[in-house]
Amino acid sequence: MSQEPKYCKIPPRLIEKYGKSFPFDVYLKLGPSKIIKISHGDEDIIEIYKKYRSKGVEDVYALQEEYKKFINYMRKAIKNKFFDESTIDDRVTTLDSCYGVAKEAFQKIGVTEESIALAQDIAKKSLESLNEQPNIFKFFERFKENCSEEYMYNVTLTFTITSMMEFVDWASSAIKEKSVMAVMLRDLILTPEHFEEIKNWDGDRNSLSKMALNHPILVADMLQQDNKNWVSSEIIQIIQQHHERPHGTGFPAGTKHLQISQLSAIHIVADVFTDKLIQSEFNFKEKDKILSEIENNFYVGTFRKAVDALRDMFG
Ligand SMILES: [Fe+2]
């Protein structure tokens with residue numbers, strides 16, 4: 001019995017920009033069961049895609065077994081010298097699309113050498129772009145219309161974490177890189193619906209869906225399955241603890257501050273701050289209010305140093 005082919009999505013932006021030289025065929029979904037193939041060898045993928053797009057066809061796919069080729073192709077593209085020479089707008093929107101590719105790979109295929117390497121490249125290049133436009137408010141304003149909410153959140157969080165680390169004496173560039181990687185990986189299996197659920201969480205663990213509740217453990221397990229250590233133990237621990245809270249009111253485990261690492265505490269505080277900052281639409285007049293709220297709820301155990309670093313960040 002022949003098996004139905006499995007497909008993975010290609011972000012439209014990437015087909016428009018790079019489709020001409022894709023080393024594999026792409027597939028367009030014209031209806032619930034109608035899929036057509038565009039061969040890369042003898043057809044102009046971009047022109048055909050544009051023609052269908054004007055008729056409302058958005059979804060482009062590669063065969064699941066060829067998705068690794070696509071990931072490697074995109075890794076080469078973002079590491080290419082000409083990528084650095086293109087405009088920051090171009091680079092950031094491409095990185096955003098590549099984040100979508102990493103998500104698709106994690107959700108449909110699982111963890112592979114290629115998807116981990118892609119996440120690493122996205123983390124590194126995103127940090128470089130952030131250093132180039134170090135005013136996070138301007139960065140956010142500039143890219144929020146053209147990038148996914150999730151990627152923008154991750155970049156803003158990365159900015160907060162790396163800025164806080166300037167005021168922590170043990171922070172090294174290796175620790176910063178691990179932190180950025182943890183941010184890029186931690187929610188890769190979640191959908192927009194899960195994010196909405198977590199955002200509106202009432203504090204009762206039973207009210208969360210299994211996926212929303214357990215994603216910190218599920219992602220950590222994916223990264224350690226078959227006795228493979230795809231990432232370092234520090235990254236695993238940050239991912240496992242990123243929704244925990246100092247007094248045990250977080251999830252999934254309800255871990256208290258004594259069991260929460262110093263590095264995780266920085267991530268958790270930075271996460272809460274970033275969320276409130278974005279909610280206030282970067283209204284820096286709200287800064288003192290946000291800082292006091294965080295101080296009241298987090299100033300205990302390993303979290304003290306994290307809150308101090310957040311305060312120091314503002315001088
Ligand atoms: Fe999460």
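The buried residues of helix α11 are covered by elements that include α9 (173-185), α10 (192-199) and α12 (233-241). The model is predicted; local features require pLDDT of at least 70, side-chain atom pairs count only at pLDDT 80 or more, and totals for chains, interfaces and linings use all residues. Residues are numbered from 1 along each chain as its sequence is written. Helices (H or I, at least four residues) and strands (E, at least two) are DSSP runs, numbered from the N terminus.

Helix α11 spans residues 210-222 and bends by about 50° at Pro-216. The bend is the angle between axes fitted to the seven residues ending at a residue and the seven starting there. Pro-216 is itself buried, as are Ala-212, Leu-213, His-215, Val-219 and Ala-220. A buried residue has 20 or more other C-beta atoms within 10 Å of its own, with C-beta atoms placed from the backbone.

The largest nonpolar core holds 73 residues. Such a core is a set of buried Ala, Val, Leu, Ile, Met, Phe, Trp, Tyr and Cys residues joined through C-beta atoms within 7 Å. Val-26, Ala-102, Ile-122, Met-181, Ile-266 and Val-269 touch the most other members. Leaving aside residues up to four places away in sequence, Ile-122 touches Leu-95, Cys-98, Tyr-99, Ala-102 and Met-184. Contact requires C-beta atoms, placed from the backbone, within 7 Å.

Strands β2 (residues 26-29) and β3 (residues 35-38) run antiparallel and are joined by four bridges. Pairing requires at least two bridges found by DSSP. Tyr-27 has Lys-37 as its bridge partner in β3. A hairpin of five residues joins β2 to β3.

Notes:
Buried ≥ 20, exposed ≤ 12 C-beta atoms within 10 Å, placed from the backbone. Contact = placed C-beta atoms within 7 Å.
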